[in-house]
Structures are given as C-alpha cells and as structure tokens.
Amino acid sequence: MILSLACSAPVQVYLVPAPRELQILGSGGTTDEPELISAETGLGPEGYVLEVGRRSASITAEGPAGLFYGQQTLSQLEQRPRVLIRDEPLYSWRGSMIDVARHFFTVEELKGHIDLMALHKLNRLHLHLTDDQGWRLQILSWPQLTTVGGSTEVGGGPGGFYTQEDYRELVAYAAERFITVVPEVDMPGHCNAALASYGELNPSGQPTELYTGTDVGFSSLWLGDETTLRFVEEVLTEVAGLTPGPWVHVGADEAHETDPQEYKAFLQAVQPTLSGLDKTLVGWDEVASAELPEPYVLQWWRSEDNALDGASQGASIIASPAEHAYLDMAYDGSSDLGGFWAGFTDLEDAYTWDVVPAGVPPEAVLGLEAPLWSELPETWEEVEYLVWPRLAGHAELAWTGSRGWEDYRPRLEAHLQRLDALGVAYADEL
C-alpha cells in the first residue's frame with residue numbers, strides 16, 4: 001500500500017523496487033547518515049523500517065541484511081523527503097543468472113553486476129560455469145578442464161577461466177552484499193568442454209573437438225564408466241568446498257543424447273553425493289523426470305507440467321519462464337541484439353507475469369530468477385544492454401510483486417537516471 005499524506009509541497013518518491021508500505025510525511029528531511037538499530041520488527045531477517053524525519057533518519061531491522069536493504073532504499077531517496085517505510089521481500093529467492101561459459105566475463109565485470117544486484121535487493125547470483133563451449137572454474141583434480149576446456153568460447157575467442165582464488169573472491173564480494181553465489185556445473189549434457197579436455201570421459205577414449213558454435217543437446221557424459229562417476233564426484237566435491245551457500249546447480253537440461261533411464265539413475269546418484277557435501281541439488285525443470293526425493297530445487301524455464309510434477313514431488317520452484325525471464329531475448333523486432341526463439345520481451349512483458357506456475361501451490365515457489373545466456377552478447381556492454389533495465393522489473397516482482405505497468409513505468413523512467421549516473425549501458429526502450 002502507498003499512502004501520500006498532506007505536506008507543505010508535493011513530493012514524489014520513485015523507488016525500484018517499490019517498498020511494501022510507504023508513507024510520505026513531508027519534504028526536506030535530514031541528509032545525515034542514518035542511525036542503524038537492531039530490534040524486532042516483525043518483518044523477518046531481510047525486512048526493515050526506514051524513518052526519515054526533519055533532523056534524523058533511522059533504519060531498524062532484525063539483522064544485518066535488513067539494515068543493508070534499508071540503506072539501499074535510502075540511497076534512492078532524492079533530496080531525502082520525510083518518509084516512513086515498512087518493507088520486506090515477497091520472495092526469498094531473487095536471482096540473476098549470468099552465463100560465463102558461452103562467452104567469458106571477468107571478475108571485475110561480475111563485481112559491477114553484483115553491485116547493481118545489491119542496489120535492486122537481489123540476493124542470488126547463479127553462475128552458469130560450464131557448457132559445450134567452455135569450462136570456466138579451475139578444478140585442481142582435473143586441471144585440463146580449464147587449460148583445454150576453458151581456452152575458447154562461442155565464435156572462437158580466447159575464452160578464459162576463474163582460478164579458485166578468483167572464485168573465492170567473487171563469493172566473498174557477493175556475500176558482503178548479502179548475495180549468495182549458486183554455481184552451475186551442467187551435466188550430463190552441455191558438457192563438450194569436459195569431453196574435449198579428457199578423452200576418458202568418452203566411449204571412444206578420445207577427446208572430442210573443442211566447440212565454438214551455438215547448437216545445444218548434442219553432448220553427453222559417458223555414464224557407463226567408473227571414470228565418469230569419479231569425475232563427477234571429484235568435481236562436485238571441489239565446487240561444493242569453494243561454495244559456502246547451500247545450493248549447487250547441476251543443470252541437467254537438454255540432455256538429448258543421454259538415455260532417459262541413465263539420465264534418471266545419474267541424477268538419483270548425484271543428489272545424495274551433494275547431500276553428503278551439505279548441498280541441495282538445483283536443476284532445470286527437466287529434473288522432474290528423475291523423480292528425486294525432496295529436498296531439491298527445480299528451475300522452471302520451459303514446461304509448467306515439469307514444474308507441477310516437481311512440486312508434487314516436494315521440490316521448491318524457481319520461476320524463470322523463457323518468454324518473460326530470459327534476458328538474452330530481444331526487446332522487440334527492431335532491437336540491435338537478442339534472440340527471439342522464446343518471443344520478444346519488452347519492458348512490460350518482463351514486469352507483468354505470474355511468478356507462480358499454473359497448478360503449483362504458491363508456498364512451493366521460492367521466487368524468481370532472470371537468466372542471461374551469452375551465445376549472442378560478446379562484450380560486457382552488450383550484456384548490460386540486454387540485462388538492464390529489464391532486471392529492475394524482475395527485482396520488483398521478486399521483492400514487492402507487480403503493481404501494474406502504469407504504476408511502474410514512471411518509477412522506472414526516474415530510475416533510469418540512476419543507471420545513467422552509474423554508467424550502466426542499459427537499453428533505452430521506454
């Protein structure tokens with residue numbers, strides 16, 4: 001609910017994401033730094049109460065995350081009007097995914113993205129670290145994954161990879177901003193970079209050729225050999241050891257070259273491996289066919305039926321429907337960059353959609369995540385063009401829910417000035 005109370009002069013507050021409750025008390029509030037107060041609010045660990053008076057400001061929260069999010073809101077208040085805000089997130093999972101496998105992006109570029117995520121109160125950074133075109137995370141027990149598999153990318157560029165120290169640095173940087181990194185090692189499909197690195201992962205015993213195209217669904221781990229099982233266990237053990245967060249994403253999408261029964265048995269073996277590492281398995285919505293026991297997390301991207309099947313098995317659901325959440329789709333037919341296989345996604349389409357899949361109990365939905373696949377964008381400026389400002393709409397959906405396009409549009413228009421000031425290469429599509 002937004003309330004505008006009588007004051008000496010009209011005051012407009014343009015916040016993205018919008019707070020759940022806002023009272024405008026007047027103009028000309030304090031410009032001092034706020035007092036931070038740890039106290040019971042009834043708003044949960046991420047909620048906060050922000051009060052800006054004539055001479056002072058305070059943020060009250062039950063924990064450090066709430067204090068941090070209150071500061072993000074305060075930073076958006078131009079000229080500090082006097083306000084009272086009570087705010088808490090609608091969903092616990094408010095995510096952004098960056099595909100660094102098809103094209104590689106640097107630690108510093110990802111840090112900049114983390115800063116923007118924090119401004120928008122997003123709290124999950126999903127890194128798609130491996131695919132047919134590249135393996136981006138150093139695995140000490142299998143070093144050729146990066147020296148060979150990380151040596152190229154879509155189009156034949158030089159690729160690159162993160163050392164384990166790079167990854168730890170990213171994880172720590174994100175954690176300081178209350179963002180949890182969710183690493184994805186895609187298997188048993190989308191794995192040609194691994195197959196090109198180690199011949200013993202193939203039935204022939206010979207490595208495949210490195211791949212720089214954009215086709216999907218043509219690769220599979222050889223699941224009938226003990227070497228592959230050792231490979232999977234050792235890779236997941238290293239990734240889990242580097243990742244303090246509770247989730248590891250195993251992809252498991254578009255495994256068209258994997259026998260369906262072997263696919264099912266593979267995931268049923270991987271899940272307890274991760275459980276033994278104190279991690280919860282996350283997979284794209286095809287994992288519903290493996291009939292896994294709870295707990296696991298299903299990321300709905302294509303099939304509402306899969307989401308419903310997963311929920312019936314006790315899975316938690318992340319909403320990432322391609323037609324609304326895939327940020328590599330073009331804004332419209334006149335856009336300079338972006339795909340169209342899932343349809344065009346303009347700013348309104350990215351903001352006005354139902355996070356809960358048809359038939360799925362709302363309580364099963366953790367939240368939403370907006371993926372950016374990188375077959376098409378080659379530079380970080382192109383990534384920002386595709387991500388922003390659509391991700392701002394996803395951030396509001398995850399924090400507040402949709403208030404309708406007509407309410408959101410003027411706030412987004414004002415918010416673009418903030419992105420300008422931060423030097424973000426966003427698409428001016430309003």
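pLDDT is the predictor's confidence in each residue, on a scale from 0 to 100. The structure is a predicted model, in which local features require a pLDDT of at least 70 and side-chain atom pairs count only at pLDDT 80 or more, while totals for chains, interfaces and linings use all residues. Residues are numbered from 1 along each chain as its sequence is written, and side-chain values use heavy atoms, with hydrogens and water left out. The protein chain averages a pLDDT of 96, and 98% of the residues score at least 70. Over residues 1-9 the pLDDT is below 50; beyond near neighbours in sequence, this stretch has 18 contacts in the model (heavy atoms within 4.5 Å). Where pLDDT is low, the predicted coordinates should not be read in detail.

Helices (DSSP runs of H or I, at least four residues) and strands (runs of E, at least two) are numbered from the N terminus, and two strands pair if DSSP finds at least two bridges between them. Strand β14 (residues 297-300) pairs with strand β15 (residues 316-319) in the parallel sense over 4 bridges; tryptophan 300 has alanine 319 of β15 as its bridge partner. With helix α8 (residues 304-312), β14 and β15 make a right-handed β-α-β unit (with the strands pointing away from the viewer, the path from the first strand over the helix to the second runs clockwise). Strand β15 is also joined by 3 bridges to strand β16 (residues 365-372), and these two run parallel. Here isoleucine 318 is bridged to glycine 367 of β16.

Voids were located on a 1 Å grid over the protein atoms alone: a cavity is a set of points where a 1.4 Å probe fits but cannot get out, a pocket is an open set with protein on both sides within 12 Å along at least five of seven lines, and lining residues have an atom within 4 Å of a point. Grid points are joined across faces, edges and corners, and a volume is the space filled by probe spheres set on the points. The largest pocket has a volume of about 390 Å³. Of its 17 lining residues, Val216, Asp328, Trp341, Trp373 and Glu375 are the closest to the centre.

The whole structure holds 2 cavities of 30 Å³ or more. The largest cavity contains about 40 Å³ of space, and its lining includes Trp135, Asp186, Met187 and Phe231. Strand β11 (residues 180-187) gives the most to this lining, with 3 residues. The second largest cavity, of about 30 Å³, has Leu15, Tyr48, Asp87 and Lys121 among its lining residues.
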